[in-house]
Amino acid sequence: MSKYEAHEYFLNRECTWLKFNERVLREAVVPSNPLLEQLNFIAIAASNLDEFFMIRVAGVKHLIESGIKHIDIAGLTPRQQFAAIQAMAHELVHTQYRYCRSILTRLRDKGLEFVKVQDLTAEQNRWLEDFFTREIYPVVTPMAVDSSHPFPFLASLNLNLAVLLRKRDGAVKTAILPVPSPVIRRIVKVPGTKNPKQYLFLEDILAAYAERFFLGCDILEAVPFRVTRDADLDIDEDVEDLLAEVEKSLKKEKKALQFGWKYPNPPVV
């Protein structure tokens, strides 16, 4: 083996992709970029990371689950690749939130602010009560999670609330409230505000009114989360009916859970 074939002369492709996405994220702190453009780069980096986990990390997990002892060109086993990805991705997301907090602070100084439900005035609360009753409540279906109700199928990348509640008999139960962001805009403008203009996240509204869906229960906690599903199609090109094989893989993809994690909205400073 020549020195140019040695592992130390090569980089793992998954780790280099994360470095690329880190460069995209750094555009969020380039002073020459407009403030909303900086925020857009954070969104682009987050979207890139979703696709990375759905496709490339899914491929690494397939290797681990299959027990394949493949060594990549950089000399890493699948488990070593996954460990490196995990460490780098955590650091990347930490940086992403740090940048986001900074941008939200500067947006507030420019007259645009994300607020919590408890920050609203009495008049704004009356508006929110009406908005929830008319727009949100009719399109949300709560889902119980217990011995008689297995964990429901949740679409990939859709936002949900995990609700911990206590019934009158003292029993603690778990339920899920899907956030209807495909139907209602996730960012809701609070009317009657001029400077600063105020906005609410849809999941914050849903969490504030969660008790309306579980009458007679105390809400102990409501936490936003979502799942990211395996979208790496595994197709044998030698099969007789390629279309049938693709359909089979797509059905498998819908039920394949890649990762589930807490996914809160950007922290408001």
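This is a predicted model: local features need pLDDT of at least 70, side-chain atom pairs count only at pLDDT 80 or more; totals for chains, interfaces and linings use all residues.
1. Two strands count as paired if DSSP finds at least two bridges between them.

2. β6 covers residues 197-201. Three bridges join β1 to β6, and the two strands run parallel.

3. Both strands belong to an open sheet of three strands. Its order is β1-β6-β5, and the pairing is mixed. β1 (112-114) and β5 (187-189) stand at the edges. Each has a single partner strand, so one side of each is left without a neighbour in the sheet. Neighbouring strands here are turned by 35° against each other on average, direction ignored.

4. Now the whole chain. The protein chain has six helices and eight strands. From the N terminus on, the elements run α-α-α-β-α-β-β-β-β-β-α-β-α-β.

5. How much of the protein chain is buried? Buried residues make up 36% of the 269 residues. The chain exposes about 16,200 Å², and carbon and sulfur atoms supply 55% of that area.

6. Contacts can be sorted by sequence separation. Take those between residues at least 6 apart in sequence: 72% of them join residues at least 24 apart.

7. Aromatic pairs come next. A search of the whole structure finds ten of them. The rings of Tyr137 and Phe213 have centres 5.1 Å apart and planes at 25°. Planes under 30 degrees apart count as stacked, so the Tyr137 and Phe213 pair is stacked.

8. Tyr137 and Phe213 link distant parts of the chain, 76 residues apart. Tyr137 sits in the loop between α4 (122-136) and β2 (143-145). Phe213 sits in the loop between α5 (202-208) and β7 (218-229).

9. The cut-off for buried is under 20%.

10. Ring pairs also build a cluster. Trp17, Phe20, Phe52 and Phe53 are linked in this way.

11. Which residues touch the most other members of the largest nonpolar core? That core has 27 residues, and the answer is Leu128, Ile136, Leu177, Leu200, Ile205, Leu206 and Phe214. α4, β3, β4 and α5 each supply at least two residues of this core. α4 gives the most, with four residues.

12. Ile136 deserves a separate look. Leaving out residues up to four places away in sequence, Ile136 touches Phe131, Pro180, Ile184, Leu202, Ile205 and Leu206.

13. Another core lies apart from the largest one. This other core has 25 residues, among them Leu25, Leu35, Ile42 and Ala89.

14. Last, a loop position. Gly170 lies between β3 (160-166) and β4 (172-178). Its relative accessibility is 39%, so Gly170 counts as partly exposed. Gly170 and Asp218 are 48 residues apart along the chain, and their C-alpha atoms are separated by 9.6 Å.

Note on methods: Residues are numbered from 1 along each chain as its sequence is written. Side-chain values use heavy atoms; hydrogens and water are left out. Buried means under 20% relative accessible area, exposed over 50%, partly exposed in between (1.4 Å probe, protein chains only). Contact means heavy atoms within 4.5 Å. Accessible areas come from the Shrake-Rupley method with a 1.4 Å probe; for residues, only the protein chains shown count as cover. Axes are lines fitted to C-alpha atoms, for helices over the stretch in contact, and angles run from 0 to 180 degrees between N-to-C directions. Rings of Phe, Tyr and Trp (its six-membered ring) pair if their centres lie within 6.5 Å; planes under 30 degrees apart count as stacked, over 60 as edge-to-face and the rest as tilted. A nonpolar core is a set of buried Ala, Val, Leu, Ile, Met, Phe, Trp, Tyr and Cys residues joined through side-chain atoms within 4.5 Å.
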